[in-house]
Amino acid sequence: MVYFPHPSLAGDRPSYLHAYNSILKSHRRSPLASASSVNILVSPNVDALCATRMLATLFKQDDIAYRIVPVSGPNDVATIRHELKKNTDLHTLILINLGGTFDLSAPDWFGELDLKVAIHVIDSTRPRGLDNLFLGGDNGARILVWDDGDAEKLVEEKKSWEIIQYEPEPDTEDDDSDEGSEDQKDFGEEGDDGFSDDEGLEMPLSESGSPFNKRKKGVQNGSRKRRRKEAVEFEFHRKKLNKYYEHGLSHGQSASSTIYILATLLERVDNDFLWLAILGLTYQYITSRISREDYETYHSVYYDEVSRLNPRLTVNEIAQSSKSVNPDDMGVRTSEELRFMLFRHWTLYDAMFHSSYVASKLGIWKERGRQRLTGLLAKMGFSIPQTQQPYSHMDMDLKKTLTNKLNDIAPEYGLVELSYPSFMRCYGFHSQPLSAADAVEGISALLDVAEGLRMEVEIEGMRNGGEWFGGGRTWEGANSTKATPKIEVEPNTKTGDSINALNDENPEEGASRPRGEPGWWTKNFWTAYDALSDIDTLKGSLSLAMSLQRAIIRQGTSIIDKQDIRTMRNHRVVVLTQGPDLPLFCNPGILSRLALWLVDALRDRLPGTVVGTSSKKKALPIVIACLDEAKGLYTVIGMMAALEFGQIRKNQFSIAFLNAEADTDIFAEYAGFHTNIIQIDHQDLNKFLHALCK
C-alpha cells in the first residue's frame with residue numbers, strides 16, 4: 001500500500017498521523033540537517049496556501065526546519081527537480097495541490113531522486129494518477145498519497161491497473177499467419193510435393209487422416225482462442241482505465257481539510273487552524289470545485305468545531321454576533337452569507353450588480369436588467385441614496401431587515417438561492433469581523449494581481465470616476481501592503497522564479513525567501529501567504545478584489561453585448577484579442593474567473609450540451625482564449641458548468657485539450673497543473689479549436 005487512508009476508514013492501518021510521524025523520525029535522524037531537508041512544493045491557490053500555513057505551524061511546533069517552494073506549473077518542475085537532485089540533505093518532499101494526477105515516479109518528475117526521499121502527496125485534484133496509488137518497488141512505495149477515501153473505491157480500477165502494468169500484452173496479430181505456416185509445414189515436411197517416398201508409396205498424405213495432426217491442430221486452435229480471449233480481457237481493462245481518466249477533472253477533500261484532520265489527531269487545533277480550513281473549503285465552493293451537497297457535508301463538521309472551540313454566546317452577544325464581543329475576541333462564528341460580492345465592504349447596489357448569481361437571474365448587462373435590479377431594491381424599501389453608499393454607512397434598521405426582505409421579495413425576480421451557510425472571524429477591535437467568502441476573494445486577488453499589473457482601486461467611500469467624481473489610486477503592490485519586503489539583488493545571481501524560490505530561508509517563518517529579484521507571481525504568493533495572518537494586509541486586499549471584479553464584469557458584459565460568443569459543435573468559444581483589460585486576462589487565474597462568471601451569467605439562457613462520451617449529462621462547456629500580444633501566445637481555458645446552481649460537472653476539457661494537442665501536433669505549454677489551461681502560439685489557435693470539435 002502506498003497511500004494513507006482517511007483516519008475514519010483506516011482501522012488498524014497507518015493513516016495521516018503515521019505519515020506525519022515518519023517525517024518527524026526522518027528529520028530527527030539527522031538533526032544537523034538544514035531546512036533544505038524538508039521541502040514543501042505549493043501550488044498558488046487559496047486552498048494550498050492555507051494548508052501550507054497550517055503544516056508550517058505544525059513543523060515549527062515540532063522544531064522541524066523546512067522550506068516552502070511555490071510552483072506555478074509543470075514547467076517549473078524541471079528546474080526544481082534539478083536543484084533537488086543536488087540536495088544531499090533532502091529526505092522529505094511534500095506536494096500540496098500539485099502532482100497528484102501525474103506519474104511522480106517517472107524521470108520527468110521525481111523518479112530520479114535518491115530513493116531515501118519520501119514524497120508525500122496532498123492533492124484535492126481528481127482523477128488521481130493510479131501509479132502513485134498502487135505502484136510497488138522502492139521507487140513506487142516511497143510515493144505516499146494522503147487519501148480522503150477516494151482510493152478505497154477504486155477496487156476495479158486497481159485490478160485493471162495491475163493487469164495492464166504487470167502482465168504482458170497478448171499478441172494476436174500473427175494468429176492467421178501462424179495457422180497458415182503450420183499447415184504448410186505439416187503438409188510439406190516429408191516431401192516438397194506432399195508425397196511420401198518411403199516404401200515407394202505415392203499416396204498423398206491427408207492432414208485430416210493423421211491422428212497426430214488432429215491433436216496438434218486442436219492444441220493450436222485452443223491456444224489461439226486463449227490468446228484472443230486474453231486480448232479481449234486486456235482491452236477491457238485498458239478501456240476501464242481510459243474511462244477512469246476520461247471522466248474529467250474534479251476535486252475531492254481540500255488540502256486544508258486534510259491538514260486540519262492531522263492537527264486534530266495531534267490535538268493541536270485552535271481557531272487559527274479552523275479558520276484556515278474554512279477558507280480552503282470556501283474557496284472550493286465559490287470557485288465551483290465542489291457541489292453544494294459536498295460543501296454542506298464539510299460545513300456541518302466545521303459547524304461542530306466552531307461550537308467546540310468557541311464559548312457559547314449570551315443572548316445579548318447573539319444579537320450583536322456581527323461584532324467583536326471584546327478587544328481580544330478572535331473567535332469564529334457561524335453566519336449566513338449572501339451571494340453578493342463583498343457586500344459588507346461595498347455599496348449594496350454594486351455588490352448585487354457584480355454578483356454572478358444576480359447577473360444570471362436579472363441579466364444586468366442589459367438596461368432592462370439594471371432596471372429590474374433597481375426595482376427590486378425599491379420594492380424592498382431601499383432608496384437609491386441608501387444603496388449607493390457604503391454598506392457600513394447604511395441605516396442600521398435596513399441592514400437588520402435586509403435578509404428577511406430579500407427572502408420575501410427576491411423570489412419574484414427568480415432569486416431563490418441568495419444565501420448559503422458560512423462562517424466569519426472576529427479580529428477584536430482591530431477590524432470588523434470578516435466573512436470567509438470575503439477573505440477568500442481578497443487572498444485570491446493578491447495571488448493574481450498584487451504585483452505584475454497596474455490596477456486602479458478606489459479610496460474607501462469614494463467613487464473612482466463614473467457616475468460621481470471621486471478619489472482613486474493605483475495599487476502599488478508591496479507599497480500597498482506590508483507583506484513583501486524590498487530585496488537586494490546579488491551580482492551573478494540567477495533570477496528565475498523557481499530557482500529563486502529555492503534560496504535562503506527566512507528565520508522567522510521557516511519559509512524560503514529569494515536572494516535575487518523574484519518574478520511577480522512569486523511576490524504575489526508571499527504577499528498572499530503573509531496576508532493569512534495579517535488582518536491589515538487582508539483588509540487592504542478587498543479594494544483590489546473589487547477592482548478586479550469590476551474588470552471581470554466589464555469584460556463579461558462586453559462579450560455578451562457584442563455577441564462575441566461563437567457556437568461550435570458541442571461547446572461555445574470566446575476569443576479576446578483587444579480591449580483595455582487584455583493584459584489582465586492573460587493571467588490564467590483571472591481568465592478562469594471570467595469564464596466562471598460567463599457560465600454563471602448565461603446558465604439560464606443557453607441550452608446544455610453533452611461533451612465527450614463518458615457522460616450523457618448535459619453541461620455548459622465554454623472555451624475562452626485571450627491573446628498575449630507581447631508574447632504572441634493565446635492563453636486558452638476550458639470550463640464546464642452544470643445547468644443548476646450548486647451542482648458541478650467534471651471538466652472533460654482536461655482530456656479534450658490533450659487529444660486536440662496530439663491530433664494537431666502543435667506545441668502547447670501548460671499554464672498550471674490542470675490540463676484544461678494551456679498556452680499556444682497565436683497561429684495555432686484556429687487549428688486547435690477545430691480539433692476540439694472532433
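**Before you start**

This is a predicted model, in which local features need pLDDT of at least 70 and side-chain atom pairs count only at pLDDT 80 or more, while totals for chains, interfaces and linings use all residues. Residues are numbered from 1 along each chain as its sequence is written, and side-chain values use heavy atoms, with hydrogens and water left out.

**Exercise 1. The whole chain**

Task: Find how many helices and strands there are in the chain, and what share of the residues is buried.

Solution: 
- Step one: count the elements, which are DSSP runs numbered from the N terminus (helices are H or I with at least four residues, strands are E with at least two). The chain has 26 helices and 19 strands.
- Step two: turn to burial, where buried means under 20% relative accessible area, exposed over 50%, and partly exposed in between (1.4 Å probe, protein chains only). Of the 694 residues in the chain, 54% are buried.
- Step three: look at contacts, meaning heavy atoms within 4.5 Å. Among contacts with a separation of 6 or more, 73% are between residues 24 or more positions apart.

**Exercise 2. A sheet of three strands**

Task: Work out the order of the strands in the open sheet that holds E9, and say which strands stand at the edges.

Solution: 
- Step one: two strands pair if DSSP finds at least two bridges between them. The order is E9-E10-E11, and the pairing is antiparallel.
- Step two: E9 (332–338) and E11 (434–435) are the edge strands; each has a single partner strand, so one side of each lacks a neighbour in the sheet.
- Step three: follow the bridges. Seven of them pair E9 with E10 (residues 419–425), and glutamate 336 sits opposite proline 421 in E10. Two bridges link E10 to E11, where arginine 425 faces leucine 434.
- Step four: check the cover on E10. Six of its seven residues are buried.

**Exercise 3. A sheet of six strands**

Task: Trace the open sheet that runs from E14 to E18, and find the helix that packs on it.

Solution: 
- Step one: the order is E14-E15-E16-E17-E19-E18, with mixed pairing. At the edges are E14 (566–567) and E18 (668–670), each pairing on one side only.
- Step two: helix H25 (residues 653–664) packs on this sheet and touches E16, E17, E18 and E19 (677–681). The direction of H25 makes about 140° with that of E17; axes here are lines fitted to C-alpha atoms, for helices over the stretch in contact, and angles run from 0 to 180 degrees between N-to-C directions.
- Step three: E16 and E17 (residues 633–641) run antiparallel and are joined by nine bridges.

**Exercise 4. The largest cavity**

Task: Find which residues line the largest cavity, and which element gives the most to the lining.

Solution: 
- Step one: a cavity is a set of points, on a 1 Å grid over the protein atoms alone, where a 1.4 Å probe fits but cannot get out; lining residues have an atom within 4 Å of a point. The structure holds three cavities of 30 Å³ or more.
- Step two: the largest has a volume of about 70 Å³, taken as the space filled by probe spheres set on the points, which are joined across faces, edges and corners.
- Step three: its lining consists of Arg572, Leu598, Val599, Leu602, Leu606, Leu620, Pro621 and Ile622.

Key. On a 1 Å grid over the protein atoms alone, a cavity is a set of points where a 1.4 Å probe fits but cannot get out, and a pocket is an open set with protein on both sides within 12 Å along at least five of seven lines; lining residues have an atom within 4 Å of a point.
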